[in-house]
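The sequence and structure come first.

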Amino acid sequence: MTERSAKLNILKFVKIVSFSLLLVILAFFVAATVRTLTFDVNAGLQLAHWEKTNNIASDISQHQREELLANFRDAIRIPTVSTTETQLNTTALREFDGLLRKAFPTVFSSHLVQHEVVANYSHLFWVPGSDLALVPYMLLAHIDVVPAEESDGWEAPPFSAKEIDGFIYGRGTIDNKQSVMGILQALEYLLIRGYSPRRGFFIGLGHDEEVSGFQGAMNIVRVLKKKGVQLAFVLDEGLAVLDGVISGLQGPAALIGISEKGLATVKLSVSKAPGHSSMPPSESSIGILAGAVKRLEENPMPRLFGEGPERGTFEHLAHKFRFPLKFVMSNMWLFSPLLGRVMERRPDTNAFVRTTTAVTMFNSGVKVNILPSQAEAYVNLRIHSTQSLQEVLELIQSTVGDERVKMELVDGFDPLPVSSYDETSFGFQIIKKTVLDQFPQVTVAPGICIGNTDSRHYTDLAKDIYRFAPTWFRPGDAQRFHGINERISKKNYEELVVFYFNLIQNCDIKDLPSPHSAGHEL
């Protein structure tokens, strides 16, 4: 073969490869474009013919509006603070018990409602349904709150329930007394209007969720297990309605939590012989441990965006983005790696990309001229849905890569199971319907809770656990959660009462309708 013919063959081969590559790219582009123009996984049951439930209208009179706000303010003023598992404000918890009985006399006196106090301060309510064939569901909320001090920079005392510009300020307004009071207020009004449920339901109010719920929620679960209870679904706190929070999204989005990240608290420690600071070794216990911590921070856990249920969040919201984001969100099969790289640049969105690593405590030394024998650091990790606790521990060990650093698991658990959210998912669709009937401008999507709730203790009782309350979060509001100036608008709290009022009634249907049929109807 001549040199000229060899060059021609190579050129021909390059042209064929280039043309083939161009065809592949074109095919991908056409497929992605078609998907973008037609993709809307939200349609589902929105147009379905829903079984009539003859709902009682959720009309709130002016007197009731004043009453529900007064009850809510009274709840915020009681400092039901949980500091540690052994440091609970039991005086405030007893006071809160009295408030509930005073604020909701019909709930506590109705022959339809069975009530018991669990573990001294938690509450369990059972409202039997008229149709015993229908599996009951459960609504959860928690009474306790995290500590708060006015000196931290609050605009109003954190337990004053002071109103500023239409907002009620105070610890617990969005975590989680708005649900505690909203659920019971809704039930109170339903009972007053003669409501009797077709599908039975439980209400569980834990008193120590902020310190893991080992007394409240876990004992409520034990009570239910003894009764042989199984639940159609559980609804707890978790995600919210985000308005203007997701960049590029047109309109607000209600994210219903379908899972929670796992948790690991790991203690790293280094031990060396103590000594005088005038004769330091080449490496101190502090230096060795600091190096290990630095390696953990410089080598984050693997990027896993798109491999877990967080992909469903963006696919449900895709049709509400403008181009070019709409093109990206509609084709997560193609753009997940790219989107993951963008999201990991910000702490708030990085939490959805991977297992996060946070060094939260570092302790060592007793005197400036003594070389410490012991150095300790605590690392808190929130585990991505596609990883396990064991996998994370092994990655920490390999990243630290130093036998002198001892690793100890203080506490931890795997990510929670992912609840269903398709068109056959009773709980998800009922919650979604209730949201859309009340807020038709909202887009509903599944989401992942990056924090943990009492609902994690209920996995033996229900296959489907959802985490949502229609609390509206606008830019900056997420920082109020466990932060300063926690608040909720008076209008939003009333909306919460109406939401639970309607949700309870919507659960009375026997079956979900067939999807995609015509004629949306209550």
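## An open sheet and an annotated site

The open sheet is built from four strands in the order β13-β15-β11-β16, with antiparallel pairing. At its edges stand β13 (356–364) and β16 (406–413), each with a single partner strand, so one side of each has no neighbour in the sheet. From one strand to the next the twist averages 20°. Two strands count as paired if DSSP finds at least two bridges between them. Strands (E, at least two residues) and helices (H or I, at least four) are DSSP runs, numbered from the N terminus.

This is a predicted model, in which local features need pLDDT of at least 70 and side-chain atom pairs count only at pLDDT 80 or more, while totals for chains, interfaces and linings use all residues. Residues are numbered from 1 along each chain as its sequence is written, and side-chain values use heavy atoms, with hydrogens and water left out.

Strand β11 (residues 262–271) runs antiparallel to β16 and is joined to β16 by seven bridges. One of the residue pairs is A264 with its bridge partner G412 in β16.

Contact means heavy atoms within 4.5 Å. Axes are lines fitted to C-alpha atoms, for helices over the stretch in contact, and angles run from 0 to 180 degrees between N-to-C directions.

| Helix | Strands touched | Angle between directions |
|---|---|---|
| α7 (residues 285–298) | β11, β13 and β15 (374–383) | about 170° with β13 |
| α12 (residues 389–400) | β11, β15 and β16 | about 155° with β16 |

The UniProt record, an unreviewed entry, places the feature "binding site" at D175, E210 and H482. These positions span 308 residues in sequence, yet no two of their C-alpha atoms are more than 10.2 Å apart, so they gather at one spot. UniProt positions follow the numbering used here, feature names are shortened, and annotations may be inferred rather than shown by experiment.

D175 is in the loop between β7 (167–169) and α5 (177–192). Its relative accessibility is 3%, so D175 counts as buried (under 20% relative accessible area; exposed is over 50%, partly exposed in between; 1.4 Å probe, protein chains only). Beyond neighbours within four places in sequence, the contacts of D175 include E210, E237, F481 and H482.

E210 lies in the loop between β8 (201–206) and α6 (216–226). E210 is also buried, at 18%. With neighbours within four places in sequence left aside, E210 is in contact with residues including S82, D175 and H482.
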